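Here's a look at one protein model, taken a piece at a time. Keep the structure open while you read.

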Amino acid sequence: IIDEKRGWVTKEEREKGLFEIRIELARELKQSKEERNETFKNINRIERENKEIEKILQEHGIRATRNNIIKYRLFLEMCGGNKKLNAICVYTGKPISFSQVFNDIEVDVEHIIPKSLLFDDSQNNKTLTFRSINQEKGNRTAYDYMASKGTEALNEYIERVNKLYKDGFISKSKWEKLLTPANKIPQDFIQRQLRETQYVTRKAREILSSICKNVWCTSGNVTEYLRRIWGWNDILLDLQLQRIKEIINNPLKEGITEIIEYETEDGQIHKKEVIKGWTKRDDHRHHAIDALVIACTKQGFIQRLNTLSAQGTRDELYKFVSERKEEFRESLSLVDKYFIAQRPFTTQEVKEKVAQIIVSFKPGKKVATWGKRFIKKHGKRVVVQKRVLVPRGPLSEESIYGKIKTLEKNKPLKYLFENPHLIFKPYIKQLVEKRLAEYNGDVKKALDSVKINPIYLDENKTIKLEYATCFKEEYVIKYPLESIKAKDIPYIVDKKIREKIEERLKQSKNEKEAFKEPLYFDENNTIPIKSVRLFTGLSAVEPIRYDKEGNPIGFVKPGNNHHLAIYEDENGKKIPHLCTFWHAVERKKYGLPVIIENPNEVWKIILSNKNIYPQRFLEKLPKENWKFIVSFQQNECFVISSSIESIVHVIENKKQIANNIYRVQKISYNGKQLEIFFRHIYETRINDSDLSRKLLKFYCVKSVSSLFNLNPIKVNITRLGDIVQ
């Protein structure tokens, strides 16, 4: 146990073995990427199937309990996947009807290899059989039970098992268990477990043993069993229900929750309120509960589970349970009673601690580092360049865009004064630029002057300047003709090419084969169309290619946003200012702060060295007279509440503070539309439904005023969960 006050352990303490490391080895660690993806697909598939089974059971008036879902799955196995047929008992070969499976009188879910011999409560170790057969089988394996019936019965049993496996209705694991005698269980089981994890286990223990003398490993099925038997499975559900009820008066009436029936280890039926569609994986804290179970999994637990078939182990369990003062339900197995008695903390104790967990996220990321460039010379690495700026992420997307100008009519005065360089007619452009020069480029003052002293377009001063035609800068991209689809037609730049492509697609039945034959631009079929320019609708791009005169001709879209800062101008107006990752790297390159909290000081530095900064870089900096208020980076955390009073109460009461902490999930700003997504720190899924919004799982801010209505207070979450404003 690591010292809570110091937070570290001395070398002497490590060597004496005064603390341990316990780890759970995920089965995915030994899988390839493709195998891991397949595993996750199977997990999702099983969850979807369980939802469908619940509906089917409800249609038949059957409770959708965990045990009934397992019964239905086993029924499908034993009837060959056709639910209209009867299942076949693997022991007797007799039919089992659907109604018999769920009447709780005639048919049992039976462990192929008893839990007293092998710790395996999975579907692969279960089958359906008649209750009388289950009682007769007792504490024997399926194979040993059938062997006691004589050679003929055993051979018929083996034939049924082999057919089920050959036809693909049971897995290889279940097939092996159905044909395994008791005398092969312990050694085979332990060796198989070692084979599956020996390399990962050895390497993990080898690395961790350098800092700790005692390193132990456990597996996921043991963690899942202990979490369930210790009563810690529903802790997160209870906490989430409690939070929902604080927000919604009656979530059951609103259809947010429902009452379901569930079955305990000893087969008793109970009712509880649950959140519709919710699983523990929707809450980041499920990792903490699993970690606690792993930490409490003693090595002796693993040894006992691996040697359940040994009489000595069963005697030891019985002795331990019988010496306990607490009473156990008789319907529980000896193994369950033993591990319930070994529970290290009560459910309430764990629940209270989990409620105080504050999930931390690493905010933002490092922009860039200074490095060196090496080459190999005469077999040695030689430094050829120092202080090379190395970005810690992609600066832009891969596509390269071009720029064209189109014409837009009737642009108002405000637009003309803000963009005089885009005015189409030279004499109108000259008039606007002259008026701007009279007011030293101040757009607001120049616009106000027009109200008193209009700009006239004729000598007789009868035609006032109110609107004008302007160039519109559009960013375009080229695509091969073969990749063009019907959805791309509205974005094609050239009108004639657009019409020809639209006609060809109408004539073709298959978009993929539409351009197998050449498409020509001219009527004589001499100019083939090989590529097509499309409008992109982009506005925020960065130049990367220039012509001989230094004009930009190639552009890229910055990869992502680094932060959004809110400033206040001299009039008290709050102004959002977005900094892309590209521009953040440029700030680092020129030795300026990445997040500019003092624009005045930064501009003093710039004015003292103004020749080294390109104009396009300076245009993206906050104005000199702006006052910094707050910045937002991805994964930064904020306390959010509807009033200052409630925020003060929340911060003072640390037990409740986690319910009001949100992380910045996404930021964007295009100069007009602001968007910041705050996601609650417990949420693992991106769910933007109306229900999620109603339950305060996220906030979507689309204006500066709505942002400050949330009273966001930035917090720094340390490893001890302290809150620092």
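Is Ser132 buried or partly exposed? This is a predicted model, and in it Ser132 has a relative accessibility of 48%. Buried means under 20% and exposed means over 50%, so Ser132 counts as partly exposed. You'll find Ser132 in helix H5, which covers residues 131–137. Ser132 and Val107 sit 25 residues apart in sequence, and their C-alpha atoms are 8.4 Å apart in space.

Three strands make up an open sheet in the order E17-E16-E18, with antiparallel pairing. Strands E17 and E18 are the edges, as each of them pairs on one side only. From one strand to the next, the twist averages 25°. In general, strands of a sheet pair through backbone hydrogen bonds, either parallel or antiparallel. Here, E16 (residues 561–568) and E17 run antiparallel and are joined by 7 bridges. Look for His563, which stands opposite Cys579 in E17.

What lies across E16 and E17? That's helix H21 (residues 581–589), running at about 85° to E17. His583 has its place in this helix, H21. Setting aside neighbours within four places in sequence, His583 is in contact with Phe617, Lys620 and Leu621. Its relative accessible area is 2%, so His583 is buried.

Here are the two residues side by side:

| Residue | Relative accessible area | Class |
|---|---|---|
| Ser132 | 48% | partly exposed |
| His583 | 2% | buried |

Definitions and conventions: Residues are numbered from 1 along each chain as its sequence is written. This is a predicted model: local features need pLDDT of at least 70, side-chain atom pairs count only at pLDDT 80 or more; totals for chains, interfaces and linings use all residues. Side-chain values use heavy atoms; hydrogens and water are left out. Two strands pair if DSSP finds at least two bridges between them. Helices (H or I, at least four residues) and strands (E, at least two) are DSSP runs, numbered from the N terminus. Axes are lines fitted to C-alpha atoms, for helices over the stretch in contact, and angles run from 0 to 180 degrees between N-to-C directions. Contact means heavy atoms within 4.5 Å. Buried means under 20% relative accessible area, exposed over 50%, partly exposed in between (1.4 Å probe, protein chains only).
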